[in-house]
Structures are given as C-alpha cells and as structure tokens.
Amino acid sequence: MSIHWFPGHMAKARRQIEEKCKQVDIVIELLDARLPLASRNPMIDEITGHKPRLVLFTKGDMADESLTNEWISYFTQLGVSVLPIDAKTGKGVPKIASTCEEILEPLFVSRKKKGIVSKRMRAMVLGIPNVGKSSLINRLAGRHATQTGDRPGVTKAQQWIRVGKKLELLDTPGILWPKFEDPDTGMRLAMSGAIKDDILPTEEIALYTLKYVSFHYPKLLEERYSVVIQEQTPVELLDEIGKKRGCLMRGGEIDWDKAADIVMGDLRSGRLGRITLESPSDYEEIGNEEND
Ligand code: G4P
C-alpha cells in the first residue's frame, strides 16, 4: 500500500498555522478518541512553536471507553492535559475554558509581574480534517457568540468568538495534515474516514477493518451482521456480509464495493458499536522493537 500527500499542500497548511499561532496564548488540539496518535501530526510541537496546549479527544462517544481511559493516562503521563468531548451533544465542552485557565496559570503569573492583571485567553482550534473542528467551534460559538474583532472599516481575515468571560477563540481552525510513514497508521486513518476513499480503495479498507474488528471486537461484528466469525478470513466475511445484505450484481455475484460501503458506513457512523482503532500498547511494542 502506498499513500501520497503533497509537499506544497503541507507547506501552505504549516504557514497558515504558524501565522495563527502568533495570535494566540493556547492551542486546542483535537485528536480522534478512536485513534489519538494516528490522528496527531507528529510535528505538532515544531509547528506550534511549543505553545501551551490542551488536547481534546473528539468522538469519544464512538470510542471504546476502556481504551479511552488508557489513552487519557498515556497522555497524562506525558504531561499533556486531555479532555474527552462529544461536540455533537456538547458533553465535556463546558470544561474547556476552565481547563485552559489552569494550563495558562504560569502565563497569568508572568503577566501579573509585568502589571497586567487580565486573565483573557486567546485560543485556536487545530486538527486533521474531519476530526470535529467545525462542530466544536459551532458548539462553542453557540447562539450568543460575540465576534469581538468585528469593527467597521477594518478589513480582517479573522474573527474572534467569545466563549464565556475569559476565552476568545479564532473562528477558523488550523488544519493539520495527517502524517504517517507506516501503513498501519495510514489504514487507521482510512478506517476512521480521515483519508478520502479515493486515495485507497474502500474494498481494501473494508478488508482491513474486518480483520481488525473480528480480532478485537468479534461480538460486535457477529451481532451486527449475524455472521459466525470462527476461522473465516476477511474475504469470506465480506462475501457473507454481501450475501446477507443482498449486495448482488447481475449473474448473482457479490457486489464487493457495495458490501465494503456497508461495512465502512457502519464503522464510521458508530452503528457497528464503540470501536477504538489503536491502543497505547500498539506503540509500546513499536518502541520496544526499536530499542532492541
Ligand atoms: P472538521 O471541521 O475537523 O473537518 O470536522 P467536522 O466538525 O466537520 O466534523 C466531521 C464529522 O464528524 C461530522 O459528521 C460531525 O458531525 C462529526 N463529529 C464531530 N465531532 C463529533 C463527536 O464528538 N462525536 C461524533 N459522534 N461525531 C462528531 P458528518 O457526518 O460529516 O456530518 P453530520 O453528521 O454533522 O451531518
């Protein structure tokens, strides 16, 4: 498998983020709770110039709760503050401003030394495509959003959204590109829907998904499609799902594209159940191999 991204596109994204970073005190980095490391651009520190950061796990409602807790411990041990949120229902969202305030306490102390008592915080939202940036901004903006930078006669590209009394948020998010060198990371991103299916054939992603889910969450697969996994290969499973769902072409052959679309639609919408696509132990194994 090979997946290509284009250097020109990345360079532009990077420049835009660096520009936005200059205007804020804190970066709110969005990671998909189902694949927190795969959905994190590994160059984030470099790109944001080590700005204070709050990590939000989006789509926690679709992730395996026990693994989400493992991931929160993983990041906490690295000294990163994490909040799980569901931008669709708003769960966890009210904690964002107060957590930013805790993270920025050292900044307020240094401001105070210079005679500035203001605890105003400026933030930007950052993350890969489809991670939930717009949903979160819309949720935070609510009905009472104030665009604080909106003055007549002033041409400006950015607007600030007021969130509560102290937090101001850039209305346009920073879009990071997903970055991966190993095929597993690429596949996890593809399974989540972060990589468009025209880059990788849906059928290939669906077979990988069936292999992963039948190993880690066999019951969910059996319940959803009334299949018996036992020794079945991903190809046999996709075939059976196609048959059961009536994905047939002329002549009675299974329409694999259709069957693959069903599997991917079910995974990405959460209909298949709460599924996390990677665990911290996947990365420990890689680390240990590298150290051997
Ligand atoms: P982006 O700006 O980072 O590209 O992402 P965006 O907010 O557009 O969200 C991408 C998709 O993810 C949307 O679904 C959105 O509803 C969904 N989403 C965002 N945050 C969450 C979350 O915390 N939980 C769940 N379950 N879904 C979330 P869509 O299918 O593209 O649109 P729609 O369902 O809103 O119509």
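I started with Thr 68, which is buried at a relative accessible area of 8% (buried is under 20%, exposed over 50%, partly exposed in between, with a 1.4 Å probe and protein chains only). This is a predicted model, where local features need pLDDT of at least 70 and side-chain atom pairs pLDDT 80 or more, while totals for chains, interfaces and linings use all residues. Residues are numbered from 1 along each chain as its sequence is written, and side-chain values use heavy atoms, with hydrogens and water left out.

Thr 68 sits in helix 3, residues 65–77 (helices are DSSP runs of H or I, at least four residues, numbered from the N terminus). Leaving aside residues up to four places away in sequence, I found Thr 68 touching Ala 33, Phe 57 and Ala 63 (contact is heavy atoms within 4.5 Å).

Next, the ligand. I looked up its shell and got 15 residues, the closest being Asp 61, Asn 130, Lys 133, Ser 134 and Ser 135 (a residue is near if one of its heavy atoms lies within 4 Å). For polar contacts (N or O pairs within 3.5 Å), the side chain of Lys 133 has an N or O atom 2.7 Å from a ligand oxygen. A backbone N or O atom of Asn 130 is 2.8 Å from a ligand oxygen, and a polar backbone atom of Lys 59 is 3.1 Å from one. Alone, the ligand exposes 710 Å², and the protein buries 63% of that (Shrake-Rupley, 1.4 Å probe).

Last, helix 7. Residues 183–192 make up this helix, and 8 of the 10 are buried, including Met 187, Arg 188 and Leu 189. Just after helix 7, I noted Gly 193 with a positive phi of about 95°.

Technical notes. Helix = DSSP H or I, 4+ residues; strand = E, 2+ residues; numbered from the N terminus. Polar contact = N/O pair within 3.5 Å; in protein donor to acceptor, adjacent residues only side chain to side chain.
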